[in-house]
Amino acid sequence: MRKSETGDCLTRYDTDFSCAAQQLNASQSTHRFSFVNHTIKTVNMPKVRHSVNLKSKLTSYISEFKEDGLSTDNKILFCNLCQCAVSSTQKFLVQQHITTSKHQANKQLNSKQRQLFLTQPTTSNVRSEFNIDLCRSLISADIPLYKLKNKVFREFLEKYTQHTIPDESTLRKTYAPSIYDETIQKIRDEIKDSSIWVSIDETPDKEGRLVGNVVIGLLSEQYSERILLHCDVLEKCNNKTIVKLFNEAMGILWPKGIMYDNVLFFISDAAPYMVKAGQALSVVYPKLTHFTCVAHAFHRVAEVVRDNFPKVDLLISSVKKYFSKLPVELTC
């Protein structure tokens with residue numbers, strides 16, 4: 001091949017290669033531009049709203065299951081028959097609660113109550129009266145309200161009373177305060193403006209808290225029962241907390257104004273802080289006389305005797321330990 005022909009051939013190759021490179025760059029630029037345009041279109045697409053109005057959903061559940069005692073505050077779905085909240089995120093959860101044996105039993109029991117009290121203007125008043133009577137009976141019989149959690153006890157009450165038994169927390173929060181107010185009012189009506197005696201003592205409960213108890217009674221020729229007026233947890237057991245507990249109890253008895261001249265006697269043990277509290281109360285209650293317990297005084301005398309005769313104390317404690325380890329048949 002001639003040298004001129006070789007040069008022309010290389011020139012054509014360079015020209016073709018540059019043209020191909022320009023076409024490739026143009027196509028890539030076009031592709032990038034179309035990708036950018038596509039991205040812009042994707043970002044500017046309208047958003048799809050997936051949230052559903054909670055209020056309308058709960059309202060639709062109530063209208064659909066209107067015979068199952070459902071209600072709402074526009075936030076949660078509540079079952080009045082079972083006295084519990086129902087999950088409303090999905091419809092099948094509501095249907096699942098309605099088909100439970102507990103709900104069906106409460107629904108059947110509620111229908112029986114409507115038949116029994118058909119002549120009554122409303123059934124809510126009847127239920128409230130039953131709940132407060134139940135709460136009053138349990139408290140009067142010293143039966144803890146948590147006993148209502150016992151399944152057999154609840155079934156017994158529901159069977160023979162034909163009423164839905166409320167949860168113990170419902171009685172404690174809704175009905176126990178009203179019963180307390182009724183009881184305090186009865187005490188006020190009994191005491192009125194009569195002269196009284198007051199006794200205070202503290203005792204630890206099973207959780208280790210110091211609980212102060214205030215007991216009062218009428219000063220009259222006839223015998224009067226002792227009345228537990230007030231109980232409170234004491235932060236510390238000293239003269240200041242005892243004085244505070246005393247004044248709080250008198251404020252409960254006479255809410256319109258404490259009758260300082262009608263508190264005549266204060267009875268307590270002979271602990272030093274009780275003696276100091278009695279001296280402080282005598283300033284506020286001018287006719288108050290403080291008496292200390294005689295049994296507590298004898299106990300303190302016995303402690304002094306035991307300290308002065310350590311050998312006798314050791315002998316008595318050794319005999320006590322010996323007899324405490326004997327079988328029951330020998331100690332009787």
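## A glutamate in helix 8

At 29% relative accessibility, Glu-248 counts as partly exposed, because that label covers everything between buried (under 20% relative accessible area) and exposed (over 50%), worked out with a 1.4 Å probe and protein chains only. Glu-248 is found in helix 8; helices here are DSSP runs of H or I with at least four residues, strands are runs of E with at least two, and both are numbered from the N terminus. Leaving out residues up to four places away in sequence, Glu-248 touches His-230 and Asp-232, where contact means heavy atoms within 4.5 Å.

Before we go on, a word about what you are looking at. This is a predicted model, in which local features need pLDDT of at least 70 and side-chain atom pairs count only at pLDDT 80 or more, while totals for chains, interfaces and linings use all residues. Residues are numbered from 1 along each chain as its sequence is written, and side-chain values use heavy atoms, with hydrogens and water left out.

## The whole protein

Now let us step back. The protein has 12 helices and 8 strands. Of its 332 residues, 25% count as buried. If you take the contacts with a separation of 6 or more, residues 24 or more positions apart account for 51% of them.

The protein exposes about 24000 Å², and carbon and sulfur atoms supply 58% of that area. Accessible areas come from the Shrake-Rupley method with a 1.4 Å probe, and for residues only the protein chains shown count as cover.

## Aromatic rings

A pair of aromatic rings is described by the distance of the centres and the angle of the planes. Rings of Phe, Tyr and Trp (its six-membered ring) pair if their centres lie within 6.5 Å; planes under 30 degrees apart count as stacked, over 60 as edge-to-face and the rest as tilted. The structure holds 6 aromatic pairs. One of them joins Phe-246 and Phe-266, an edge-to-face pair with 5.5 Å centre to centre and 80° between the planes. Phe-246 lies in helix 8 (residues 239-253) and Phe-266 in strand 7 (residues 263-268), so the pair ties together parts that are 20 residues apart in sequence. Both Phe-246 and Phe-266 are buried.

Phe-265 and Phe-291 make a tilted pair, at 5.3 Å centre to centre and 45° between the planes. This pair links distant parts of the chain, with Phe-265 in strand 7 and Phe-291 in strand 8 (residues 289-292), 26 residues apart. Phe-265 is partly exposed, with a relative accessible area of 29%, and Phe-291 is partly exposed at 40%. There is also an aromatic cluster, formed by Phe-246, Tyr-260, Phe-266 and Tyr-285.

Which residues does Asn-239 contact, leaving aside its neighbours within four places in sequence? They are Tyr-273, Lys-276 and Ala-277. Asn-239 is found in helix 8 and counts as buried, at 18% relative accessibility.

Asn-80 lies in the loop between strand 2 (77-79) and strand 3 (84-86). With 36% relative accessibility, Asn-80 counts as partly exposed. Not counting residues up to four places away in sequence, Asn-80 touches Gly-69, Leu-70 and Ser-71. The C-alpha atoms of Asn-80 and Leu-70 are separated by 6.0 Å, although these residues are 10 residues apart along the chain. A polar contact of 3.3 Å joins the side chains of Asn-80 and Ser-71. A polar contact is a pair of N or O atoms within 3.5 Å; within protein, one must be able to donate a hydrogen and the other to accept it, and residues adjacent in sequence count only if both atoms are side-chain atoms.

## Two loops with positive phi

Asp-142 is a residue other than glycine with a positive phi, near 60°. Look for Asp-142 in the loop between helix 5 (123-140) and helix 6 (151-161). Asp-142 counts as exposed, at 68% relative accessibility.

Gln-162 is not a glycine, yet it has a positive phi of about 55°. Gln-162 is found in the loop between helix 6 and helix 7 (168-191), and at 24% relative accessibility it counts as partly exposed.
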